[in-house]
Amino acid sequence: TARVLLLGPKLEPWLNDDNDSRNEYIRLSRGFQRLCSKYENNNFITYIDCLVMFCGETATVPGAIFGGRAKADPKYFQKDMLHLNHAGYAIWKDVIEKILNAL
């Protein structure tokens, strides 16, 4: 049986000061979550919420997402502050491997 893992959008350092774009990413993430939840029972699709995955310690502070307190940590990104570096991809790899091993 085919299986889809959908990686949701991630907050990126360039979004730290752009609240309008940041809010669009949050809406996009929530939309993907709602869509994927419709298919959870058939084991076809798994949504991986990446929104604050690369925000380090700020990912868990009160108001992290909706209060705008989660800030993408530049240590996980290349110089362009958009693409992940090796440390960022290592996090993604660990998350995906755990999910695949649980299937």
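Is arginine 30 buried or exposed, going by its relative accessibility? Arginine 30 counts as buried, because its relative accessibility is 19% and the cut-off for buried is under 20%. Bear in mind that this is a predicted model. Here's a quick tour, starting with the overall fold and ending with the charged pairs.

**Overall fold**
- The protein chain has 2 helices and 2 strands, and reading along the sequence gives the pattern β-α-β-α.
- Laid along its principal axes, the C-alpha trace spans about 40 × 25 × 25 Å.
- Take the contacts between residues at least 6 apart in sequence: 56% of them join residues at least 24 apart.

**Surface and charge**
- Of the 103 residues in the protein chain, 31% are buried.
- The chain carries 13 positive and 12 negative charges, and their mean positions sit 4 Å apart.

**Around arginine 30**
- Arginine 30 has its place in helix H1, which covers residues 19-37.
- Leaving aside residues up to four places away in sequence, arginine 30 touches Asp49, Leu51, Ile65 and Phe66.

**Salt bridges**
- Side chains of opposite charge can pair when their charged atoms come close.
- Searching the whole structure turns up 4 salt bridges, including the pairs below.
- Lysine 10 pairs with glutamate 12, with 2.7 Å between the closest N and O atoms. Both ends are tucked away: lysine 10 is buried at a relative accessible area of 12%, and glutamate 12 is buried at 4% relative accessibility.
- In helix H1, arginine 27 and glutamate 24 are 3 residues apart, so about one helical turn separates them. Their side chains meet in a salt bridge of 2.4 Å, N to O. Arginine 27 counts as partly exposed at 48% relative accessibility, and glutamate 24 is partly exposed too, with a relative accessible area of 46%.
- Over in helix H2 (residues 86-102), lysine 93 and glutamate 97 lie 4 residues apart, about one turn of the helix. They form a salt bridge whose closest N and O atoms are 3.0 Å apart. Lysine 93 is partly exposed, with a relative accessible area of 48%, while glutamate 97 is partly exposed with 35%.

Notes:
Residues numbered from 1 in each chain as written. Predicted model: local features only at pLDDT ≥ 70, side-chain atom pairs only at ≥ 80, totals over all residues. Heavy atoms only, no water. Buried < 20%, exposed > 50% of the residue type's maximum accessible area, 1.4 Å probe, protein only. Contact = heavy atoms within 4.5 Å. Lys, Arg positive; Asp, Glu negative; His and termini not counted. Charge placed at Lys NZ, Arg CZ, Asp CG, Glu CD.
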